[in-house]
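I opened a new structure today and want a record of what I look up. These are my notes, in the order I made them.

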Amino acid sequence: MTNIQELYDICSRENITIDFIDCPKCGAISLFGAGGCSIGIDSQTPARLLKERTAHEIGHCIKGAFYNRYATADNISQHEYRADKWAIENLIPKSELIKAIKKNLDSIYLLAQHFDVSEDFMIKACRYYGVYFG
């Protein structure tokens, strides 16, 4: 499980700049230019979403998963999936998810609390790993 400081450390190692900006509509954004990769996180991001938004945007940078406003929906979906995959694998490694379930954390709510992510992100992670609750 990666915490927010570890995500900031990854940014430092990978030369990814991160700034808190005003972008309430999208929540976060990543850009790639001549100076490298930059991430902007909405300055009003609730603390409970900060880690997953930051991880997702790092995923765009690490995986080179960028697109522009002219990209097709399929292309956008592919790049968003790559960023989500990186975020999920780093915030909720499969081995840690299995350990948590074996400790009877057997609901989305309990798992989200354990991994300190939103329930929506936890659902996405469970779908990615093929873990379903009846």
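**Entry 1: model type.** I am working with a predicted model.

**Entry 2: the disulfide.** How many disulfides does the structure hold? I found one. C37 and C61 form it, with their sulfur atoms 1.8 Å apart. I looked up the torsion about the S-S bond next. It is -50°, so I noted the link of C37 and C61 as left-handed, as listed. C37 lies in strand β3 (residues 36-42) and C61 in helix α2, so the pair ties together parts that are 24 residues apart in sequence. Are the two cysteines buried or exposed? C37 is buried, at 7% relative accessibility. C61 is buried too, with a relative accessible area of 13%.

**Entry 3: cysteines without a partner.** I then checked C11 and found it in no disulfide. Its nearest cysteine sulfur belongs to C61, 7.2 Å away. A disulfide needs sulfur atoms within 2.5 Å. C11 has 1% relative accessibility and counts as buried. C23 is in no disulfide either. The nearest sulfur to C23 is that of C26, at 4.0 Å. C23 is buried, with a relative accessible area of 10%.

**Entry 4: helix α3.** I tested the length of α3, which runs over residues 73-91. Its 19 residues, at 1.5 Å each, should span 27 Å. I read 26 Å between the end C-alpha atoms, which agrees. Which residues of α3 are buried? They are H79, A83, D84, W86, A87, I88 and L91. I note that the list includes D84 and H79. These buried residues pack against α1, α2 (47-63), α5 and α6.

**Entry 5: α5 against α6.** Next I took the pair α5 and α6. Their axes come within 9 Å and cross at roughly 105°. That makes α5 roughly perpendicular to α6, because angles of 65 to 115 degrees count as such. Which residues make the contact? From α5, I listed I108, Y109, L111, A112 and F115. From α6, I listed E119, M122, I123 and C126. By class, the contact has eight nonpolar residues, no polar ones and one charged.

**Entry 6: L97.** I picked L97, which lies in helix α4 (residues 94-102). L97 counts as buried, at 1% relative accessibility. What does L97 touch, leaving out residues up to four places away in sequence? The contacts are I92, L111, F115, M122, Y129 and V131.

**Entry 7: positive phi.** Last, I looked at two residues other than glycine with positive phi. N15 has phi near 60°. Where does N15 lie? I found N15 in the loop between α1 (4-13) and β1 (17-21). N15 counts as exposed, at 56% relative accessibility. D116 has phi near 55°. Its place is in the loop between α5 (108-115) and α6 (119-129). D116 is exposed, with a relative accessible area of 51%. The cut-off for exposed is over 50%.

Notes
Residues numbered from 1 in each chain as written. Predicted model: local features only at pLDDT ≥ 70, side-chain atom pairs only at ≥ 80, totals over all residues. Heavy atoms only, no water. Helix = DSSP H or I, 4+ residues; strand = E, 2+ residues; numbered from the N terminus. Buried < 20%, exposed > 50% of the residue type's maximum accessible area, 1.4 Å probe, protein only. Expected span 1.5 Å × (residues − 1). Contact = heavy atoms within 4.5 Å. Axes fitted to C-alpha atoms, helices over the stretch in contact; angles between N-to-C directions. Parallel < 35°, antiparallel > 145°, perpendicular 65-115°, else oblique. Nonpolar A, V, L, I, M, F, W, Y, C, P; charged D, E, K, R; others polar.
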